[in-house]
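Biologist: Hello, and thanks for sitting down with me over this model. Could you take me through it, one question at a time?

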Amino acid sequence: MSAKAINEITAKTILCKNIGDDINLSNRLRFASVDRCINWDELAVKHPWLLTEKLIVKPDQLIKRRGKLGLIKINTDYAGVQQWVGERMLKEISIGETKGILKHFIIEPFVAHKQEEEFYICIHSSREEDTILFHHEGGVNIGDVDAKANKLHILTGEKADSTKITTALLKSVSRENQRLLEPFILSLYEFYTSLHFTYLEINPLVVNDGKIYVLDLAAKLDQCAEFVCARTWGPVEFPPPFGREAYPEEAYIADLDAKSGASLKLTILNPNGRIWTMVAGGGASVVYSDTICDLGGASELANYGEYSGAPSEQQTYDYARTILSLMTRTPRDDGKVLIIGGGIANFTNVAATFKGIVRALKQFQASLRSNKVSIFVRRGGPNYQEGLRVMREVGQHLGVPVHVFGTETHMTAIVGMALGKTPIPDQQPNDPGHTANFLLGASSNYAGGTPRTSRTSSFADNPQANGDAAQALNGTSVLQEAAKRAAHRPMFTNKTRCIIWGLQSRAVQGMMDFDFVCSRKTPSVAAMVYPFSGDHKQKFYWGHKEILIPVYKNMSDAMHKHSDADVMISFASLRSAEESTIDTLQYQQIRTIAIIAEGIPEATTKKLNKLAREKNVSIIGPATVGGIKPGCFKIGNTGGMMDNILASKLYRPGSVAYVSRSGGMSNELNNIISRTTNGVCEGVAIGGDRYPGTTFMDHILRYQNDANVKMIVVLGEVGGTEEYDICDAIKSATITKPVIAWCIGTCATMFASEVQFGHAGACANQASETAAAKNKALAAAGAHVPCSFNELNTKIREVYNNLVDLGVVVVQEDVPPPTVPMDYSWARELGLIRKPASFMSSISDERGQELLYAGMPISQVFKDDLGIGGVLGLLWVQKRLPTYACKVFRTLVDDDSKIMDLQYQGAHNTIVCARAGKDLISCLTSGLLTIGDRFGGALDGAARQFSAAYDKGLLPSEFVNEMRKKHQLIMGIGHRVKSLNNPDQRVVILKEFVKSNFPSTPLLDYALEVEKVTTAKKPNLILNVDGFIGVTFVDLLRGCGCFTEEEAREYVQIGALNGVFVLGRSMGFIGHYLDQLRLKQGLYRHPWDDISYVLPEDYSS
């Protein structure tokens, strides 16, 4: 989520600390917070003014219109405050249909004033501008502010103007008050924009005796801007809306989410409810909630939540375990249902996530039985067949009904089954087979039969897109802007070439495979840009052949050398997206930019959108998976893996174009459209943020102008008003092609308290932004609107068949696509192949959760205090030596350090030399010579980087931002295998030892805070063992009292830490040398099939 409400005391604290000192704002920081644990005597000591002034007290729990509700006590003393709060603390009250418990209050000095001294001011943001509302009559009886208030609109990128503030807002204010209010409003707006507020309302704002008082303040912050504003905001908590309790389980999932690159969300609506959900995908989670409510289950819906973004098996286990714990606490006579649903994933390994869920189901087997739980499963995506098989298998042993369905079943069909509204099929659908089925040419066959029209594709008389300008529009700026974009040539063709920002090998290979199966002549990926490395080339498959794609450090080099590329696909992080996009916009060759990252601040997105409009560049995203034009081009991971691309016939164009906000739901639309029509002509997911770069209309008008598109599908959602532009375009005949539309989020109005759905923009701020209102308006305008998402497939089939009957769509037979081989890594994961290992090792194994030395876990090595002598015994002779022998080894190496690093990396050289018959010294030297910046140098580098940042006083987020701007990697951060959910046990053990024995660990504590920032992007960006040793070594030098500050700095600068690394490596390499001799391994010859021969195809004589 992006815009989140904050408590009044938090908002006032931020305001008082950051608004200019030249503003005559009274009562700065004169407020006190009260909760259930209040000690009134201590509070009075902390705030002496509580005993000397008249006071006002009110709840601080995001409650609107507190004055009208009688929830304010004014002009009282401290004793009166205590009595008033005591009478209400932990008491339940009702506000409309919402019931909640009062827990938090705010106390302030009472400001005596007259009614005419009260004013109203509000600042809020929209797509193109910010708006300041001001009215000279504030207070509880202000009435309809939108109709009364003066307004000043400030376009994105512009600054507020003093003269305009006075003339537009302060016309009804006395000259004396104008002199006070004009600089205040100017400063307030600067404060609003610079600190990334999305909403701020003061009512009343009091001007009294030449001073300004902020009495009531309501505000929302852009949570995504935390990495920018952490220092200026200070500590900020985002409370739940009034009427919804903050459950510890919600906080636990929020913490998991913060530590993960995936998305994990949980909102508990009714802990005693009968219907529980565990849904994959932000859009899909809303659709399932809608369908439950549509079928009469709103009062029994227990939770809203989602997991997406490729969570690991451990993360889904933790998520599922939390939900099952809540679900099984209170048995019900009528039993409960668990809906494990989701659309068709683009890149999430369904089998891996389901294995986590299965672990949790097995753990709660007895509770599931006693609660009479029935489970309904529906899912699709990479390796989903294996995931469904695992689910069916566990269903046979759980002792509770488990009904499992795949992509052959409409996404929400299981909801009707779970609620008893539709019958459960007597026979489960046929086994969908294996992900590898596309290798056998069987992926286009659906269980249960293929619809009559799904074997055909559509080809217009003129295969080229219509380039004529759109018809005359109704004059609105939105339609004019969209028409201007639509008048240009197609966004994507089968000759479109792109540049990728970021090293996203999996996404690039997916694009190359799509290109090949579409029979493109050339790959769609021209080059990649990655500022954190030098220029080089990366290998990718083009069908059976390997080709090289260049990677550039500088974007300018990529642009100049690949001038045919007109699309940029940016996988930049939320911190890098702004810089990389602005850089991209400098090059006129780029016409389209896809921004994949989630979590970009709204103000940043608005800025990028404005720059793009000025340069006539289309932005897809942020927070999107991208888009796809079958037979031509796809963005990144759109469309999922090859089996889904073939199953949904995305290798050739159909007749249906769609536009959606949700990336996950776009893949579901691919599935629905392929099963009910002749397939997709083009589809775009514009992104789930409040201000996506391109709008629905931008793409719909392109579809209107495309002769290949015969009908248009729109999947909107709650929040925003863009769907009303579609209504206007239909009414004005700007859109003449059939439009099938549905807005998800109809359940929002059925909840007692506000629920923020998975997408940042999925929140209605007024009645017209609700999904129900927009669906009604679309139907009235002439769009084909189903009764619910559950009937969307039926409506699409109905409209399509009508077009076929009218001859608008002419069906033709499919042409089989080329076969694309499966990657080795994926085939191995599916268990389809096996390969003999090139090396053997019997002394160490780091593949699992814990490093093993000759079979002994590293934790046991430390627990038994084996020391270096014991480790040498395990590594060199594979024996646990007696204590005296360990002491002999310890004496010989003359070291008692427990800080050592023995990984399998770099042992390759030692092993190859040993198998070549070289002596011990040669083999050891061969291994040690690999030590450098990329292997071992992280100790010194981490010590220097973290020390410098800590000594400069940088916040952890500021340190990360600074390193990103320098295009430098943070040494000691990141691991190839280990992550937050699979921690490196060496670091865990060492951390426990250091915390227990070091006098202080300031740099380690700082590094662990940096880890929280980096792992929010990817869970494997942890403080690794090299980084840990580096920062703890500095703490040791600085804190043990044996070294001066200058000596401590010198030891870091001269590379003393690498001595620890070299010592550990030497012990391990010697162990590998002895191990190879003991195993009698022969000369190593590298397999030919593991070598890419990229010789020139011709040569000059």
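Biologist: Which strand do two bridges join to strand β28, and in what direction do the two run?

Modeller: Strands here are DSSP runs of E with at least two residues, helices are runs of H or I with at least four, and both are numbered from the N terminus. Two strands pair if DSSP finds at least two bridges between them. Strand β28 covers residues 627-629 and has two bridges to the strand of residues 680-685, so by that rule they are a pair. The run is antiparallel, and the partner is β31.

Biologist: Before we go on, what kind of model is this, and what was left out?

Modeller: This is a predicted model, with residues numbered from 1 along each chain as its sequence is written. Local features need pLDDT of at least 70 and side-chain atom pairs pLDDT 80 or more, while totals for chains, interfaces and linings use all residues; side-chain values use heavy atoms, leaving out hydrogens and water.

Biologist: Thanks! Which residue of β31 is the bridge partner of Gly-627?

Modeller: Strands of a sheet pair through backbone hydrogen bonds, either parallel or antiparallel. In this antiparallel pair, the partner of Gly-627 is Val-684.

Biologist: Which strands stand at the edges of the open sheet?

Modeller: The sheet has six strands with mixed pairing, in the order β29-β28-β31-β30-β32-β33. An edge strand has a single partner, so one of its sides is left without a neighbour in the sheet. Here the edges are β29 (633-634) and β33 (739-744).

Biologist: Is Leu-29 buried, partly exposed or exposed?

Modeller: Leu-29 sits in the loop between α1 (8-18) and β2 (32-34), and its phi is positive, near 55°. Buried means under 20% relative accessible area and exposed over 50%, with partly exposed in between (1.4 Å probe, protein chains only). At 41%, Leu-29 is therefore partly exposed.

Biologist: What is the phi of Ser-519?

Modeller: Ser-519 belongs to the loop between α16 (505-517) and β22 (525-529), and its relative accessible area of 46% makes it partly exposed. Although Ser-519 is not a glycine, its phi is positive, at about 65°.

Biologist: What is the relative accessibility of Arg-66?

Modeller: Arg-66 is in the loop between β3 (55-59) and β4 (73-76). Leaving aside neighbours within four places in sequence, its contacts (heavy atoms within 4.5 Å) include Glu-8, Lys-58 and Asp-216. Arg-66 counts as buried, with a relative accessibility of 9%.
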